[in-house]
Amino acid sequence: MLSGKTALVTGSTSGIGLGIARSLAEQGANIVFNGFGDAQQIEKLYTEVGEHFGVQTAYHNADMSKPAEIAAMMAFATEKFGGVDVLVNNAGIQHVANIEDFPAEKWDAIIAINLTSAFHTTRLALPGMKQKNWGRIINLASVHGLVGSAQKSAYVAAKHGLVGFTKVTALETAQTGVTCNAICPGWVLTPLVQKQVDDRAAREGTSNDVAKKALLAEKQPSGEFVTPEELGALAVFFCSPAGNQVRGVAWNMDGGWAAQ
Ligand code: NAD
């Protein structure tokens, strides 16, 4: 379905971004990977995805908190593949603390990486997408783009902001072949969440398994984690012709979290 197209997935060296990159590659898209990690492991990862799915892959190490590096990454994608057809704004970080204890530099980093980076990638991708009259912008928000949780002020603010930005992007592209939507996952067991599981296990003196169950029981009625593969399938749907008129939605895949 996506052969001949190029997808750029920010923060795709791990977790959800990697799952979505694999799902898009399975549909034939060339992939530009981005994110942090060990250089050798990253090279292995993008080479393997390319070989496994028979697509071209590349990697750019832009730091999503740095607008100049984001611009360099977008230029790299254009040089390498002639532009970005599917943009997945996925890179994100978390920090958990009460507002009065929240380090100001963590607030700035979360807003920059989880929200402002999507403005920069989107503003740079849109001219090419509009010219081709086809494009898909998929913003990885969160169920925290729809509801709040204590101790996550910066994250919840950034994700609500990203849902708002998604709506405006969808309106500005409404009469084109470019669509923009947000995905709002509940708990997904990635390194970002594993850290919260570990912290909880240490705080409560329980095992990792008990901490995982407690985390789910608090918020996610299904009692099951969402998987990167399930989120990848939703991203593929947004890219399909059936998604042509799906515009500006914030689609939660959250085991019932936001239904409460
Ligand atoms: P993760 O920690 O597994 O992956 C995050 C990715 O972002 C990694 O590739 C990392 O290298 C990259 N990254 C971090 N800072 C970066 C920076 N400054 N520049 C470039 N890349 C950077 O996390 P994840 O759980 O896969 O999260 C992916 C997205 O999904 C995030 O936006 C997160 O907020 C969102 N999300 C996650 C969950 C969950 O339960 N895991 C739920 C809802 C939303």
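1. In this predicted model, K212 and D209 both lie in helix α7 (residues 208-219), and because three residues part them, about one helical turn separates the two. Their side chains form a salt bridge, with 3.9 Å from N to O. D209 is partly exposed, at a relative accessible area of 47%.

2. Elsewhere, R200, E204 and E218 are joined in a network of salt bridges.

3. A further salt bridge pairs K132 with D85, with 3.0 Å between the closest N and O atoms. This pair connects distant parts of the chain: K132 belongs to helix α4 (residues 104-132), D85 to the loop between α3 (67-81) and β4 (86-89), and the two are 47 residues apart. K132 counts as partly exposed, with 43% relative accessibility, whereas D85 counts as buried at 6%.

4. K66 and D63 also form a salt bridge, and their closest N and O atoms are 3.5 Å apart. D63 is buried, with a relative accessible area of 15%; K66 is partly exposed, at 40%. D63 counts as buried because its value of 15% falls under the 20% cut-off.

5. An N or O atom in the D63 side chain is 2.9 Å from a nitrogen atom of the ligand. The side chain of T190 places an N or O atom 2.4 Å from an oxygen atom of the ligand. On its own the ligand has 830 Å² of accessible area, and the protein covers 93% of that.

6. How many residues surround the ligand? There are 30, and the closest are S14, N90, Y155, V188 and T190. By type, the shell residues divide into 16 nonpolar, twelve polar and two charged.

7. Which element gives the largest share of the shell around the ligand? That is α6, with three residues. Domain 1 (6-186 + 227-253) and domain 2 (187-225) each supply at least three residues to the shell.

Key:
Residues numbered from 1 in each chain as written. Predicted model: local features only at pLDDT ≥ 70, side-chain atom pairs only at ≥ 80, totals over all residues. Heavy atoms only, no water. Near = heavy atom within 4 Å. Polar contact = N/O pair within 3.5 Å; in protein donor to acceptor, adjacent residues only side chain to side chain. Areas by Shrake-Rupley, 256 points an atom, 1.4 Å probe, with all protein chains shown as cover. Helix = DSSP H or I, 4+ residues; strand = E, 2+ residues; numbered from the N terminus. Nonpolar A, V, L, I, M, F, W, Y, C, P; charged D, E, K, R; others polar. Domains from an automatic or database assignment. Salt bridge = Lys/Arg side-chain N within 4 Å of Asp/Glu carboxyl O. Buried < 20%, exposed > 50% of the residue type's maximum accessible area, 1.4 Å probe, protein only.
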